[in-house]
Amino acid sequence: MAQVQTAEMETGHRGVAPGAPILEVAGLNKRFGGLQAINNVSLNVAKGSIHAIIGPNGAGKSTFLNCMIGLIEPDTGEVNFEGRSIKGLTPHRIIQRGIARVFQTPQIFPVMSLVDNVTIAALAKRDGEFKFNPIKPLNGANSARQEAEAILEQVGLADQRHGDAEHLSRGDKRRLELAICIAAHAKLLLLDEPTAGMSRHDTNRTIDLLKTISETGMTKVIIEHDMHVVFSLAQRVTVLAQGTVIADGTPEEVRVNPKVKEAYLGGAH
Amino acid sequence: MSTETASAPVRAAGNAGVKTFGREITFMMIFSAIVLTMPFWITLIGGYQGLATKIMVWAIFAVGFDILLGFTGLLSFGHAAFFGGAAYITGVVFRDYTSEIIVAFLASQVGVMILAVIIGFLSIRRTGIYFSILTLAFASMLFAAALAIFAPFTGGYDGLTMRTTPSLFGMPMQGLSVFYMGAFMLIFGFAVARTLKNSAFGLMLRSIKENPMRLEYTGVNVWAYKMAAFIISAHFAAVAGFLMVVYEPYVATKFLHWSTSGEVVIMSVIGGVGTLLGPIIGAAFLMYFENVVQSFIGEQWKLVLGLIFVLVVIFLPGGFMQLGSMIWKATGQKAFGGAPPPEGPRKHDSERE
């Protein structure tokens, strides 16, 4: 059963996605006690694409993303990023390879200026996971700080850059978190419901920003409930239900797939 | 609201660096002047020369502790291990080997570094209250060990006594010369901590306090930075412990006791966590209170001190530094003359501990 789905997925993949896969997941399994949260999931994410993972509540989407980033260690299966395994690495090592993560609740440094928030990420990219440099002052002449200023301008937060991050609106906090990911020069961005809890206005602004970032060639994997977001952004959609892949293809293909309709409607009954 | 308006004054930062440097020098000169003249002005307010030296000891301890608690947000209840550990090593060197303070200084620093690496390695895997309890446990173990299995070296419950007068290159170190050594160590330590605060390293430490998960998921080895902060603050504590024994050639068992760890926490909170200057003021206040005010109000002094502590925590969560910045704002910033504004902690700093 699972084998068939994998085969289906791969044939579909060749037809649609341009470019080589940047992320390859093969035969991933994760069990929490009696619950098989992820059941033999395989998935390829094409370089430069926006790939959405959708599915009803409890389908294992967040668990899947957490397996990518080292927050949860999968029981079996392979996760390869740019052809190298990232399984079992600590989160900061995975991030240093070029993956960034946007959380459901924006994770920022609240009582710090926006510039500091983004500078931290630029420094992490420049200096690696640890550098003991306690002498040189971190002023306007610093390359990381200059980069942070430029990125804040790019995401449209330049005029609030000296204010504390905690005072931003929900949508702007998300922009800041994305700015942090841009400063990290991530090649692959994992987004967990990036528009959750946002007004329609903020949602559309976030979609626009994500489109802009895509022009830099950053690959994205998005977990989303909001079909408006999925169909405005994604070039490819994978549908998870009860921990397994039930469909994979272009948004149009997925929209008309009977299994997907059943999964969503079945949950409603 | 923020999208369209592009920013004009982005690139005003260039010559601001020179200005900041000038302000920093002015600030450090004023600070040094106050510290170096302390033995003279402290007698005017009822103190004595030795009290000034004691204030140096605790101020150095508190500055180092602020790097850990104030920047990194790690509340260690075991820093007595480093203060007392260095004091005992210094005492043993003076009693059994030499009265040369350079030897004792190096021995205590090396000893505490080993201790800090071990305790840090075992404690920093846990966060929050568990970290505090682990550090407390390790320090208590060391205290128990000093009184029991190490008693032949430490003198057990009697403390470690010696008949040596510490000396620097043969010159005896007593009275004012000990104070000035301490004062230079404090000024140097304070400058080091301020430099560190403004560096990239300091930004990483401060961001641990803000959101360690975001930092880890930005590709930073949070554990390594915590470990570095822990070891640095342990070295400050070791300098203080060493200085204490040079000031008064006797090692009390209390130096290793948990109440010593507690005292430095109280100093930091009263003064203003994360401000560096605050904990120094807190240390001076507590020492002054314990040694001078005590003689006026008698046995109730601990009660009064407790009351002050409670009032500060409730009404001034940013400590005396918050009070300072409130006065600074109320007086239209004129009262402080040319000095840079006191860096009051941001409003949430202590509430989120």
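Predicted model: local features only at pLDDT ≥ 70, side-chain atom pairs only at ≥ 80, totals over all residues.
Which residue of β9(A) is the bridge partner of A:Ile53?

1. Six strands make up an open sheet, and their order is β6-β7-β8-β3-β9-β10, with mixed pairing. The edges belong to β6 (99-102) and β10 (244-249) of chain A; each has a single partner strand, so one side of each has no neighbour in the sheet. From one strand to the next, the twist averages 15 degrees.

2. Now for strand β3 of chain A, which spans residues 50-54. This strand is mostly covered, with five of its five residues buried. In a regular strand, side chains alternate between the two faces of the sheet. In β3(A), A:Ile50, A:Ala52 and A:Ile54 point one way, while A:His51 and A:Ile53 point the other way, and all are buried.

3. The opening question can be settled by looking at the partners of β3(A). With strand β9 (residues 236-241) of chain A, β3(A) pairs in the parallel sense over four bridges, and A:Thr238 is the bridge partner of A:Ile53. Strand β8 (residues 219-223) of chain A also pairs with β3(A) in the parallel sense, over four bridges; in that strand, A:Lys220 is the bridge partner of A:Ile50.

4. Which helix lies across β3, β6, β7, β8 and β9 of chain A? That is α2 of chain A, residues 61-69, and it runs at about 150 degrees to β7(A).

5. Finally, take a look at where the two chains meet. Here 40 residues of chain A are in contact with 37 residues of chain B. On the chain A side, the elements giving two or more residues are α3 (91-97), α4 (114-127), α5 (143-155) and α6 (170-183). The largest share, seven residues, comes from α4(A). Sorted by class, this side of chain A has 22 nonpolar, nine polar and nine charged residues.

Note on methods. Residues numbered from 1 in each chain as written. Chains lettered and ligands numbered in written order. Contact = placed C-beta atoms within 7 Å. Nonpolar A, V, L, I, M, F, W, Y, C, P; charged D, E, K, R; others polar. Buried ≥ 20, exposed ≤ 12 C-beta atoms within 10 Å, placed from the backbone. Pairing = 2+ DSSP bridges. Axes fitted to C-alpha atoms, helices over the stretch in contact; angles between N-to-C directions.
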